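Dear colleague,

I am passing a structure on to you with this email, and below it you will find what I found in it. Please keep the structure open while you read.

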Amino acid sequence: MDLEETKEVTAFELIGGADKLRELVDRFYDLMELEPEFAGIRALHPTPMDGSRDKLYWFLSGWMGGPSLYIERFGHPRLRARHLPYAIASSERDQWLRCMAWAMQDVGIDAGLQERLMHSFYQTADWMRNRAG
C-alpha cells in the first residue's frame, strides 16, 4: 500500500477544493446581507464585507485541511480573542449556524459532509459566545 492510499481525505478535498469553498463563503455572506433573520450577525460586520469574506475563506481553507492561507497572513487565528470585541450570545451563534447551513444547502454540499461540518461549526460557534443569553 502506498502513501496515497493511506492518506486521509480532508474536508477541503471533500467539499470540492478552493473554488467550491469560495462559493460557499460567498453564499454565506450573500445570505447574511439578504435575509432579515441574519440582521444580528450582519450588524457585527463592516461594510463592505469583502475583508470578512476573505478572512473566513482563508480560515476555512486551513481549518478544512487545505492551504493554511489565514495563518500565512496573520499567524494563529486566536478565534476567541479576535471575536471578544463583538457581543456574541446564543442568538448570534444560532444565526451564524443557520446562515452557514443554508449556504451549504444552496451550494450543494453533500448531506453527510454538511452534518459533519455543522457538528464542528456548532462546537466552535458555541465556544465563541462571550455574552449571556
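Predicted model: local features only at pLDDT ≥ 70, side-chain atom pairs only at ≥ 80, totals over all residues.

Residues are numbered from 1 along each chain as its sequence is written, and side-chain values use heavy atoms, with hydrogens and water left out.

The chain holds 9 helices and 0 strands, where helices (H or I, at least four residues) and strands (E, at least two) are DSSP runs numbered from the N terminus. Its radius of gyration is 15 Å, close to the 14 Å that the globule rule gives for 133 residues, so the chain is as compact as a globular protein of that length; the radius is taken over C-alpha atoms, and the rule is 2.2 Å times the number of residues to the power 0.38. Along the principal axes, the C-alpha atoms fill a box of roughly 50 × 30 × 25 Å.

Of the 133 residues, 39% are buried (buried means under 20% relative accessible area, exposed over 50%, and partly exposed in between, with a 1.4 Å probe and protein chains only). Among the contacts with a separation of 6 or more, 69% are between residues 24 or more positions apart, a contact being heavy atoms within 4.5 Å.

Helix α8 (residues 90-106) has 17 residues and spans 24 Å from its first C-alpha to its last, close to the 24 Å expected at 1.5 Å a residue, where the expected span is 1.5 Å times one less than the number of residues. Its buried residues, including Leu97, Cys99 and Trp102, pack against α3 (17-34), α4 (39-42), α5 (50-63) and α9 (111-127). Just after α8, Gly108 takes a positive phi of about 80 degrees.

Ser61 lies in helix α5 and is buried, with a relative accessible area of 0%. Leaving aside residues up to four places away in sequence, Ser61 touches Phe12, Leu21, Gly66, Pro67 and Leu69. Ile71, in helix α6 (residues 69-74), counts as partly exposed at 48% relative accessibility. The C-alpha atoms of Ile71 and Ser61 are separated by 10 Å, and the two residues are 10 residues apart along the chain.

With kind regards
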